[in-house]
Amino acid sequence: MIVADLSRPELERRLAGPGLRLRTGPVVAQIRSPLGAVADGVALHYAAHPIEGNDGFADFFVRVDRPRNLRRWLHPQAMFHIDGEAPFTPLPLDQAFPLLEWGLNWCISAHCHQYLIFHAAVVERSGRALILPAPPGSGKSTLCAGLIHRGWRLLSDELALIDPATSRAIPLARPVSLKNRSIDVIRAFAPAAVLSRPVRDTTKGTVAHMQAPPDSVRRAAEFASPAWIVMPRYEAGATAALTPLPKARAFMEMVNSGFNYSVHGRNGFEALARVVDRCECHTFAYGDLEEAAALFDALATTS
Amino acid sequence: MSDGPPPSITRALRDPPSVASWNLQQWEALVREARRTNLLSRLAHEVADCGLSDRVPPAPRAHLVAAQTLAQAQADAMRREVTYIRQALAKVDVEIVLLKGAAYLMAGLPAARGRLFTDVDILVPYERLPEVEAALMLHGWFATHHSAYDQRYYREWMHELPPLRHAVRTTVVDVHHAILPRTARLKPSSATLLAAARPIPGQDRLRVLSPTDLVLHSATHLFHNEELSQGLRDLADLDSLLRHFGDDPGFWNELPQRAVELDLARPLHYGVRHASRLFGTPVPDAARANIERHAPPPWLDGIVGTLYERALRPVAAGEPGLLTPLARQALFVRAHWLRMPAVLLARHLASKALRIDRDGN
């Protein structure tokens with residue numbers, strides 16, 4: 001059963017009541033929320049995702065609702081809870097769905113140490129994974145959103161999960177978070193992309209989420225072998241070009257993007273070394289998304 | 001409200017082989033409870049020790065693997081940190097007595113297995129504090145809690161310096177000169193504790209408290225702490241220490257006497273009672289009788305016992321019920337009451353309240 005199989009009233013009933021058990025890749029989150037913005041976001045972005053029954057196993061129990069403080073009368077807020085605890089300060093009510101997304105990211109990066117977890121987008125072609133580690137503002141999500149509309153499968157936009165034993169990349173297939181100008185860039189680049197209503201004035205500026213392609217969601221159990229590590233950097237007017245990145249530097253860039261690299265100790269070092277060893281490593285500057293997509297298309301078919 | 005069944009995490013830790021027959025829903029509740037009580041890695045360790053990891057369904061097994069990985073990283077970090085502290089204090093001619101998690105780990109006690117670690121706690125003689133603090137600051141640790149009030153709170157009333165944080169590694173060391181605040185009603189003698197402390201084989205200048213004193217400190221810490229969110233983890237430590245040292249028959253004769261000598265008979269009573277209730281810690285009858293002689297009057301014993309019973313129990317549904325926060329609140333007040341005379345306590349709480357207002361928090 002998938003989310004789209006539920007009627008809107010039934011989706012709202014589950015979210016407001018017993019909870020919706022949503023599977024994203026290897027993770028099942030039981031989500032509860034009485035908020036319309038959360039129901040809208042779930043209906044839009046998770047339509048193709050599987051729902052687990054109550055006889056299964058949920059990894060995380062999360063809730064997004066309005067805190068009962070005085071401020072609710074003037075500036076309504078939304079609050080994220082995991083297992084009854086609230087790890088973040090509340091945000092304006094308008095940001096309830098982004099808050100759920102950030103909260104789910106936090107659940108994974110703070111707890112799922114069975115994986116090496118990096119702040120990176122991952123896309124796949126022919127079983128080979130392209131890892132895009134980059135600091136915020138580098139154009140990583142824009143590039144990721146662009147590539148998945150040009151033949152690449154989405155594994156993840158924010159969290160690269162690597163199984164340290166097999167070195168494979170594990171898909172999450174969750175929405176892609178677009179910020180500020182990238183929202184219009186993607187609308188123009190891929191008119192078929194399904195975007196949520198932009199939310200303004202978040203700590204990251206204006207944020208809109210883009211639906212993961214249904215095909216990527218359906219194939220979330222297909223792992224991929226890392227083949228490329230590419231550090232993207234958006235530069236207005238730049239010609240799309242790859243520059244080889246020495247493996248030692250690529251290794252350090254991955255370490256710097258790691259959420260839990262240090263937790264894995266020596267095993268983490270060795271597992272990451274195996275990943276970097278088998279990858280072609282580059283930096284990548286781009287100013288135009290079409291050009292970038294063509295270049296990665298060539299990379300996938302020739303190397 | 002009825003007591004209900006015992007929490008599943010304590011059941012699982014009492015009888016690890018029982019988890020082999022658990023279904024997915026039971027695992028779901030167990031992982032959730034174990035995560036909330038910081039006992040997931042301890043559970044993972046016990047399950048692995050029984051050779052049962054393969055019998056755990058894949059979804060919960062992933063959480064056990066993750067928790068074990070995290071606990072291993074924290075143990076490695078703790079060992080490194082202890083080495084750094086020892087190096088920083090190389091020129092200060094003082095024995096460093098490790099406390100709590102650091103002590104269990106460096107002494108190789110079973111209580112360290114699968115335990116999560118945060119700060120390093122050490123105990124040194126009061127008169128050596130200035131040298132120890134200066135040496136740590138020379139090696140990159142700096143004082144937190146800069147306000148004049150906080151400085152006075154720690155230096156005049158507490159049993160430790162304000163926490164020292166390392167500038168680069170951001171790790172924290174708590175330098176103690178006693179195991180209870182100077183203002184507390186009970187007065188365990190630090191000189192008596194230090195005199196009985198034992199060297200750790202192969203670890204130059206590092207010491208741990210003697211077996212009885214490790215147990216007494218563990219019980220005292222738990223039953224004087226104002227913060228009980230870690231309570232069940234602390235009680236699991238106590239259970240593990242009692243089981244480990246309890247194999248030596250002399251230990252149970254010595255423990256009640258030592259508790260009286262250190263003015264810690266009452267925390268020992270609470271500790272032993274709750275460890276055996278929740279974790280089934282075996283206690284010889286004679287020792288139990290000796291320990292219970294120091295129980296408070298029955299009415300008080302009943303109230304405090306019930307509050308702890310409630311506060312220590314993990315909340316199964318994942319959402320705090322009404323009674324657990326109330327019990328924790330009452331014990332928060334009790335802990336402050338035990339730690340400070342009434343007038344001082346009033347001043348301290350008033351000062352905190354006024355400061356909170358000023359910061360607008």
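Author: Two residues are in contact if their C-beta atoms, placed from the backbone, lie within 7 Å. With that cut-off in hand we can read this model, which is a predicted one, starting where its two chains meet.

Reader: Which residues of helix α3 of chain B are buried, and against what do they pack?

Author: A residue is buried if 20 or more other C-beta atoms lie within 10 Å of its own. Eight of the ten residues of α3(B), which spans residues 40–49, are buried, so the helix is largely enclosed by the rest of the structure. The buried residues are L40(B), S41(B), R42(B), L43(B), A44(B), H45(B), E46(B) and V47(B), and they pack against α1, α2, α4 and α10 of chain B. After α3(B) comes G51(B), whose phi is positive, near 70 degrees.

Reader: At what angle do α12 and α14 of chain B cross, and within what distance do their axes come?

Author: Two packed helices are described by the angle between their axes and the distance between the axes. The axes of α12(B), residues 265–279, and α14(B), residues 298–312, cross at roughly 50 degrees and come within 11 Å; the two helices are therefore oblique to each other. The crossing is right-handed. In this contact, Y270(B), R273(B), H274(B) and L278(B) of α12(B) meet G305(B), Y308(B) and L312(B) of α14(B), a set that divides into four nonpolar, two polar and one charged.

Reader: In what order do the strands of the open sheet of chain A lie, and which stand at its edges?

Author: Three strands of chain A form the open sheet in the order β11-β13-β12, with antiparallel pairing. At the edges stand β11(A) and β12(A), each with a single partner strand, so one side of each is left without a neighbour in the sheet. The twist averages 40 degrees from one strand to the next. Two bridges join β12(A) to β13(A), and V207(A) in β13(A) is the bridge partner of V199(A). Helix α4 of chain A lies across β11 and β13 of chain A, running at about 125 degrees to β11(A).

Technical notes:
Residues numbered from 1 in each chain as written. Chains lettered and ligands numbered in written order. Predicted model: local features only at pLDDT ≥ 70, side-chain atom pairs only at ≥ 80, totals over all residues. Buried ≥ 20, exposed ≤ 12 C-beta atoms within 10 Å, placed from the backbone. Helix = DSSP H or I, 4+ residues; strand = E, 2+ residues; numbered from the N terminus. Pairing = 2+ DSSP bridges. Axes fitted to C-alpha atoms, helices over the stretch in contact; angles between N-to-C directions. Parallel < 35°, antiparallel > 145°, perpendicular 65-115°, else oblique. Left-handed = near helix turned anticlockwise from the far one by under 90°. Nonpolar A, V, L, I, M, F, W, Y, C, P; charged D, E, K, R; others polar.
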